[in-house]
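Student: I'd like to talk through the aromatic rings in a model. Could we go step by step, setting each value against its cut-off?

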Amino acid sequence: SMTRAMVVQVLYRMQGSPEAGGSTFTDVADSAWYAKAVAWASENGIVNGSNGRFDPNGLLTREQLAAILWRYAQYEGRDVSVGENTNILSYDDAQDISSYAVPSMQWACGAQIIHGADGRLTPGAKATRAQVAAIIHRYLER
């Protein structure tokens, strides 16, 4: 599985490791290997925490990945409107998608960045490193 800190570090490096301030999350120490990446992602609206915490070691779910990548696409100035007309209700588990992640999952499916399997999106499933690599690869090809 991949952690939230890991995926943010990947995106941060994809941007050339730009300068960033200190983290405002209470669970991200300034000395942590991912601190600058989390600070950069937070400053640019790519990640959100909950109750002042980022949960860097939390295992990344597929819907969290979609949400982070959707906000990253907006940060890069990409058109994310494809999701506005994407119907994800054909997936058996569409009702399992958290409300915050619905627009990002619609975008990811509409842009063919995230694919379902056996009629399911498995939004709450932990994202493996292989899945994240494939999803980021498809993102970069678009």
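**Aromatic pairs and their surroundings**

Tutor: Gladly! Let's begin with tyrosine 139, which is buried, with a relative accessible area of 0%. Keep in mind that this is a predicted model.

Student: What makes tryptophan 107 count as buried?

Tutor: Its relative accessibility is 3%, and buried means under 20%, so tryptophan 107 counts as buried.

Student: Why is the pair of tryptophan 40 and tyrosine 72 called edge-to-face?

Tutor: Their ring centres are 6.4 Å apart, and rings pair if their centres lie within 6.5 Å. Their planes stand at 70°, and over 60 degrees counts as edge-to-face, so that is the name this pair gets. Tryptophan 40 belongs to helix α2 and tyrosine 72 to helix α3, 32 residues apart, so the pair links distant parts of the chain. Both residues are buried.

Student: And why is the pair of tryptophan 107 and tyrosine 139 edge-to-face?

Tutor: Here the centres are 6.3 Å apart and the planes are at 70°, so this pair is edge-to-face. Tryptophan 107 sits in helix α4 and tyrosine 139 in helix α5, 32 residues apart.

Student: Which residues do ring pairs link into a cluster?

Tutor: The cluster consists of Tyr12, Trp40, Tyr72, Tyr75, Trp107 and Tyr139. Across the whole structure, a search finds eight aromatic pairs.

Student: How do you know that the charged end of arginine 78 sits over the ring of tyrosine 139?

Tutor: The charged end is 3.9 Å from the ring centre, and the distance limit is 6 Å, along with an angle limit of 35 degrees from the ring normal. Arginine 4 likewise lies over the face of phenylalanine 54, at 4.4 Å from the ring centre.

Notes. Residues numbered from 1 in each chain as written. Predicted model: local features only at pLDDT ≥ 70, side-chain atom pairs only at ≥ 80, totals over all residues. Heavy atoms only, no water. Phe/Tyr/Trp six-rings, centres within 6.5 Å; stacked < 30°, edge-to-face > 60°. Helix = DSSP H or I, 4+ residues; strand = E, 2+ residues; numbered from the N terminus. Buried < 20%, exposed > 50% of the residue type's maximum accessible area, 1.4 Å probe, protein only.
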